[in-house]
Amino acid sequence: MDVIFGRNKEEHPEPIKAEVQGELPTWLQGILLRNGPGMHTIGDTKYNHWFDGLALLHSFTFKNGEVYYRSKYLRSDSYKCNVEANRIVVSEFGTMAYPDPCKNIFAKAFCYLSHTIPEFTDNCLINIMKAGDDFYATTETNFIRKINPQTLETLEKVDYSKYVAVNVATSHPHYDSDGNVLNMGTSIVDKGKTKYILFKIPSSVPEKEKKKSCFKHLEVVCSIPSRSLLQPSYYHSFGITENYIVFIEQPFKLDIVKMATAYIRGVNWASCLAYHKEDKTWFHFVDRKTKKDVSTKFYTDAMVLFHHVNAYEEDGHIIFDIIAYADNSLYDMFYLKNLNKDFEENTKLTSTPICKRFVVPLQYDKDAEAGSNLVTLPCTATAVKEKDGSIYCRPEILCEGIELPHINYDYNGKKYKYVFATEVQWSPVPTKTVKFNVQTKEMLQWGEDHCWPSEPIFVPSPDAREEDDGIILTCIVTSDPNKAPFLLVLDAKTFKELGRATVNIDLHLDLHGRFIPEKDVKTETE
C-alpha cells in the first residue's frame, strides 16, 4: 500500500493525451479538476498522516472527444518552505514540524513562543472552490490559493481572516442561485466569545470596483455561539435549504488550550481533537431571511460526521441527510504507519459510515405532550418532545457503507432522489462507485477488481429533464501495478460504462474536486 499512500507522486505539468475507449458524450467539454495529497516525504522527513501530504492538483480536460491529463503541485508557501529546506518545516494537522536543531537556544525559545497561537498552513489539498470567475484550492485553515484551472499554476494567496474573523473554514461551501459562495468558519475566542460564522462571498462586484477582489465585499450572514468557549465543535461541511442553514454541533471537539500548547508539548494538532461520546449532538437551523437561530433545542445522540448529503423542507419539517459514524476512528486510519502492505486485511473501521436521515419539525403543536413524536411525515425518523421542551431526534437509516457523497447540485436544498457516492464498508478505501435512490432505497453499483474509485462527480447533460440525466466522472486508482489508472465515465441513469480515458502514469488518490464546463473556463487573455 506504500505504493499508493506513502510514495511521492511525480507531477506532469504538460498535458498527456489519454487513450480513450468507448464513446464519450459529444457535449462533454470542460475540465475535471481535482485535489489531494501527493508528496509525503521531504528529504529525510516524512509526514505522519496521509491528509498532511503536499497538495497535488490534477485535471482531465475534455475537448472534442479527446482527453488530456496533467498534474502539478500547488506552489503554496508551505511547499516552497519545505522544498527549500529539504525537510518538513511547516506543521500540518497530523505532523508537528520543529525548528532546525542547529539553531541556538534563543532562536529555539522564540520559535516555541511564536507557535502559541499557530500560524496555519496554506497547503490547500482538500477541494476546489469557485468564487466569482475564479477558482481556488481550499483546505480547512483560513488560507485558500487561487489557481489557473487550465495550467494548474498557483496564483495569489487569500487569507479569510483579513475579511472575516475566522481561524478555520470549511472546504465544502455552498453556492446560491446567484452564484454567491456561502461558507462557515470558526472564530476562536474573539472578544471573549467562540462562535461559528456563516459568511457570503459575492459572485460579482459593482462595476466601479471591478479591480477589487470579491473578498473585499465578503459579508457575515450570521453567527452561532459555540456551546463551549474553549472546545468548539469540529465540522467539515454544513447543509442548506431554501430558507435555512443546517449546522450540526457535534461532540467531536477541538481543545483550544491543548492546541495552543501542542508545539511546546511536542504533539500534533490532531491530538487536540477529542470525541466526547457522552455528550449530545446539537442541531442549529438559521433562518436565511431573519438570520436568527431557531430557538427550539433539537438534539440527537453523540456521533461524528464529515459530509452532509443534502437538505430540504417539506410540510413544516426540515429533512437532512448526512453520513455519520459512531466514533472518530476514520481519521486515525489514515496515519501512514497504518497504511502498510497488509492494510486491506488488517485495517478495519470500528465504525462504518451510515447514511442517516433526520426529520425535524419546525412547525408543531406547542401543546403536544412530553413523549409524543412530532414528526407528521410518513417515515421512521422521529422527533420526541422532552419535558424541558427540547426535542430528541432519531434518524431513519437510509443505507450503510457509503462516503464521499455527491448530488446533482441543481437539486441542492430541494427534495431529491439520488446520491452518488463511493462504497467503503469496513475499510476506509473505496471499492465501488454507487448510485443510491433515497426514496426507494435501490442501489446501482460499478466495480472492478483492484480498482479504487474517487468521489464521483455528476455532470448534467445540456438537455437534462430528470435529476439523473447526465454522466458520472470518477478517477480510478489501481492497486495492481500491471493495471493502468483511468478516468471512468458512467451513464448516471443506467450506471453503465460509457467509456474510460487511460493514462499510463502513477495517478494519486485524491479527495474532492469539481467539473468546470468549457463556458466557465477563462482563456489566458481574459
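Trainee: Which strands are included in what covers the buried residues of H2?
Mentor: Strands E3 (30-39), E4 (41-42), E6 (54-63) and E7 (66-73) are included in that cover. Helices (H or I, at least four residues) and strands (E, at least two) are DSSP runs, numbered from the N terminus. A word on the source: this is a predicted model, where local features need pLDDT of at least 70 and side-chain atom pairs count only at pLDDT 80 or more, while totals for chains, interfaces and linings use all residues. Residues are numbered from 1 along each chain as its sequence is written, and side-chain values use heavy atoms, with hydrogens and water left out.

Trainee: Thanks! Which residues in H2 are buried?
Mentor: In H2 (residues 77-85), Ser 78, Tyr 79 and Asn 82 are buried, meaning under 20% relative accessible area, with exposed over 50% and partly exposed in between (1.4 Å probe, protein chains only). The buried residues of H2 fall within an arc of 100° seen down its axis, so they line one face of the helix. That arc is taken from the directions from the helix axis to the C-beta atoms.

Trainee: And what follows H2?
Mentor: Asn 86 does, and its phi is positive, near 55°.

Trainee: New topic: is Lys 435 buried or exposed?
Mentor: Lys 435 is buried, at 5% relative accessible area. Its place is in strand E31 (residues 432-437).

Trainee: What does its side chain make a polar contact with?
Mentor: With the side chain of Asp 468, at 2.7 Å. A polar contact is a pair of N or O atoms within 3.5 Å; within protein, one must be able to donate a hydrogen and the other to accept it, and residues adjacent in sequence count only if both atoms are side-chain atoms. The Lys 435 side chain also reaches the backbone oxygen of Ala 492 at 2.9 Å.

Trainee: How many disulfides are there?
Mentor: Zero, from a search of the whole structure; a disulfide is a pair of cysteine sulfur atoms within 2.5 Å.

Trainee: Last one: how do E36 and E37 pair?
Mentor: E36 (residues 486-491) pairs with E37 in the antiparallel sense over five bridges; pairing takes at least two bridges found by DSSP. Leu 490 has Glu 497 in E37 as its bridge partner. In the hairpin of E36 and E37, Phe 495 takes a positive phi near 65°.

Methods:
Contact means heavy atoms within 4.5 Å.
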